[in-house]
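Reader: I would like to go through this model with you. Could you take my questions one at a time?

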Amino acid sequence: MTAVPPVAPVSTTARPAYRRKLFWVALLYFSEGLPLGVFFDLFPVYFRQQGVNLADIGLLSLLGLAWTVKFLWAPMVDWARRHRWWVAAANLGMAAVMITFAVFGLALGPWVWVAIGCFTVLSATNDIATDGYTIELLDQREYGLANGLRIGFYRAGMLTAGVLLMVSGALGWSAAYALGAVVFGLNAGMALLAPAERPRVGAPPSSIGKELGLLRSQPGFLVALALVLIGLMWPVLGPLSRALQWGAVEAVSATWWFRGALPVGLMFAGAALLVRAARAPQALALRDGPVFGAWVELLLRPGMVAVLAFILLFKLGDAAMGFMVKPFWVDAGFTAGQIGFVSVNLGLALSIAGGLVGGWYVDKRGIFRGLWVLGLWQALSNLGYAGAAWAVPLLTPGAAATIGVEPLHQAIVYSASALESFTGGLGTGAFLAFLMGITSKARATTEYAILSSIFAFSRAVAGWAGGIGAQELGYAVYFFLTFWLSFPAYLLLPSVRRMLEREAAPGVSVP
């Protein structure tokens with residue numbers, strides 16, 4: 001009689017939190033969300049309290065274009081691997097920028113543009129490494145719950161900027177920036193403790209030298225990239241011309257065609273040329289390239305151009321309103337301490353709840369249904385802020401310090417903030433699951449950087465346009481108009497559905 005080996009007892013002891021994948025997903029996305037909160041919440045309040053006008057604050061948002069061009073150095077991160085070290089180094093660099101603000105108390109000028117530009121490049125690098133690490137770590141069936149945690153802790157990181165605002169109101173801006181530097185330093189240390197990344201899926205990309213050799217016969221890629229980069233950098237000419245006293249450029253820098261039509265036209269011309277170059281027969285030789293190979297791979301998929309347009313448009317309404325929300329709070333008479341208190345105590349809980357509910361809905365109903373249903377809820381926050389801006393009178397910063405905000409008006413604005421926090425988490429849950437679902441694990445770092453760069457482009461340009469729109473139309477009318485920007489993406493949903501059906505893992509349906 002053959003002896004039956006003893007069955008190992010099943011451990012009933014739960015694994016410690018630090019050994020679970022979702023624990024590290026939460027921590028890393030807190031680290032990814034904090035820089036965005038500093039950029040979109042802390043800096044606008046800081047400069048508005050210094051008396052900087054709305055148009056210049058909106059122009060400052062163009063430094064967020066670093067998140068748009070991060071695909072340029074994403075292949076370097078992908079090739080070097082060691083994602084955790086990239087995250088740690090980026091956080092230490094952002095801590096250094098915070099220390100610079102704490103020590104020197106910089107006013108808006110050329111050096112501030114340099115400092116914040118470095119901050120956004122470091123933040124974009126942090127995003128590249130974190131996103132690539134997470135996609136390689138997770139399985140597709142984990143996306144719903146994981147994205148709920150991603151959104152919740154990403155928003156927690158963003159809303160930690162609210163804590164810094166509270167500190168600025170109580171102890172001054174130097175103390176707030178110093179505390180921010182400490183948090184960035186802690187994020188760097190935690191990143192190094194995360195589990196090592198998995199081995200690369202598939203063959204590594206070819207060398208940059210081989211790709212450059214192939215590009216000599218296909219200069220369309222380089223011309224396309226040059227047009228996009230010139231368009232992205234074009235808005236910097238205005239502030240630069242004032243600093244360097246370039247009279248001819250300064251004379252036209254405020255015109256609509258110079259600030260808007262020309263750079264946007266250059267970027268779209270570059271994008272069109274890139275699509276054409278990627279679909280040429282000779283472009284197939286570039287599919288293994290570290291930089292343009294991912295672009296070729298993406299653009300050769302059926303229906304991808306429409307899907308990229310969907311990514312550009314899905315959160316356009318949310319992005320167009322986002323950079324003007326905190327200046328509205330300031331102009332309505334709220335102090336930095338009040339803004340931070342509400343963001344942290346009310347916004348944090350509702351953001352996490354929205355992210356978890358959105359993740360649960362995607363797990364139950366699928367990514368496609370999550371996109372259009374939760375996207376509708378996401379758009380409601382714009383109407384909430386439009387109503388608040390219509391009902392609450394605006395005060396000058398000086399009057400706000402003495403008069404304050406009436407309790408009824410406080411309740412209205414707090415309600416708009418609560419709606420924005422919860423519904424923002426809902427829509428983002430489906431959107432992130434969608435981006436992850438169409439990303440190849442073999443090129444996860446680079447492909448996700450490209451897809452998220454396209455989304456970041458709409459956020460940056462919408463923020464710039466938002467400064468002009470809010471200044472010329474007023475907050476209430478502008479916020480109402482941004483509500484309607486949420487719907488052009490819905491015209492592209494049939495293409496999105498077909499893409500999800502093609503990319504779905506075995507056993508995963510697209511209802």
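Author: What follows is a discussion of the fold, helix packing, aromatic pairs and one asparagine in a predicted model.

Reader: How many helices and strands does the chain have?

Author: The chain contains 22 helices and zero strands.

Reader: And what share of the residues is buried?

Author: Of the 511 residues in the chain, 56% are buried. As for contacts between residues at least 6 apart in sequence, 85% of them join residues at least 24 apart.

Reader: Let us turn to helix packing. At what angle do α17 and α21 pack?

Author: Helix α17, residues 367–391, packs against helix α21, residues 475–484, at about 165°, and the axes are 8 Å apart. With an angle over 145 degrees counting as roughly antiparallel, α17 is therefore roughly antiparallel to α21. The crossing of these two helices, α17 and α21, is left-handed.

Reader: Which residues of α17 and α21 meet there?

Author: From α17 the contact involves Ala379, Asn382, Leu383, Tyr385, Ala386, Ala389 and Trp390, and from α21 it involves Tyr475, Ala476, Phe479, Phe480, Thr482 and Phe483. By class, eleven residues in the contact of α17 with α21 are nonpolar, two are polar and none is charged.

Reader: What about α15 and α21: what are their angle and axis distance?

Author: Helix α15, residues 316–331, and α21 have axes 9 Å apart and pack at about 160°. The two helices α15 and α21 are therefore roughly antiparallel to each other. Their crossing, that of α15 and α21, is left-handed.

Reader: Which residues make that contact?

Author: On the α15 side they are Gly317, Ala320, Met321, Met324, Val325, Pro327, Phe328 and Asp331, while α21 contributes Tyr475, Tyr478, Phe479 and Thr482. The residues in the contact of α15 with α21 comprise nine nonpolar, two polar and one charged.

Reader: Changing topic, how many aromatic pairs does the structure hold?

Author: There are 36 aromatic pairs in the structure. In one of them, tryptophan 257 and phenylalanine 258 have ring centres 5.9 Å apart and planes at 80°, so this pair is edge-to-face.

Reader: Is tryptophan 257 buried, partly exposed or exposed? And phenylalanine 258, buried or exposed?

Author: Tryptophan 257 counts as partly exposed because its relative accessibility is 38%. Phenylalanine 258, at 6% relative accessibility, counts as buried, the cut-off for burial being under 20%.

Reader: What is the geometry of the pair formed by phenylalanine 480 and tryptophan 484?

Author: The ring centres of phenylalanine 480 and tryptophan 484 lie 6.1 Å apart with the planes at 80°, so the pair is edge-to-face. Because phenylalanine 480 and tryptophan 484 are four residues apart in helix α21, about one helical turn separates them. Phenylalanine 480 is partly exposed at 40% relative accessibility, and tryptophan 484 is partly exposed with a relative accessible area of 49%.

Reader: Which residues do ring pairs link into a cluster?

Author: Ring pairs join Phe43, Tyr46, Phe47, Phe101, Phe119, Trp173, Tyr177 and Phe184 into a cluster.

Reader: Finally, where is asparagine 187 found, and is it buried or exposed?

Author: Asparagine 187 lies in helix α7, residues 173–193. Its relative accessible area is 10%, so asparagine 187 is buried.

Reader: What does asparagine 187 touch?

Author: Leaving aside residues up to four places away in sequence, asparagine 187 touches Phe30, Ser31, Leu34 and Asn91.

Conventions. Residues numbered from 1 in each chain as written. Predicted model: local features only at pLDDT ≥ 70, side-chain atom pairs only at ≥ 80, totals over all residues. Heavy atoms only, no water. Axes fitted to C-alpha atoms, helices over the stretch in contact; angles between N-to-C directions. Parallel < 35°, antiparallel > 145°, perpendicular 65-115°, else oblique. Left-handed = near helix turned anticlockwise from the far one by under 90°. Contact = heavy atoms within 4.5 Å. Nonpolar A, V, L, I, M, F, W, Y, C, P; charged D, E, K, R; others polar. Buried < 20%, exposed > 50% of the residue type's maximum accessible area, 1.4 Å probe, protein only. Phe/Tyr/Trp six-rings, centres within 6.5 Å; stacked < 30°, edge-to-face > 60°.
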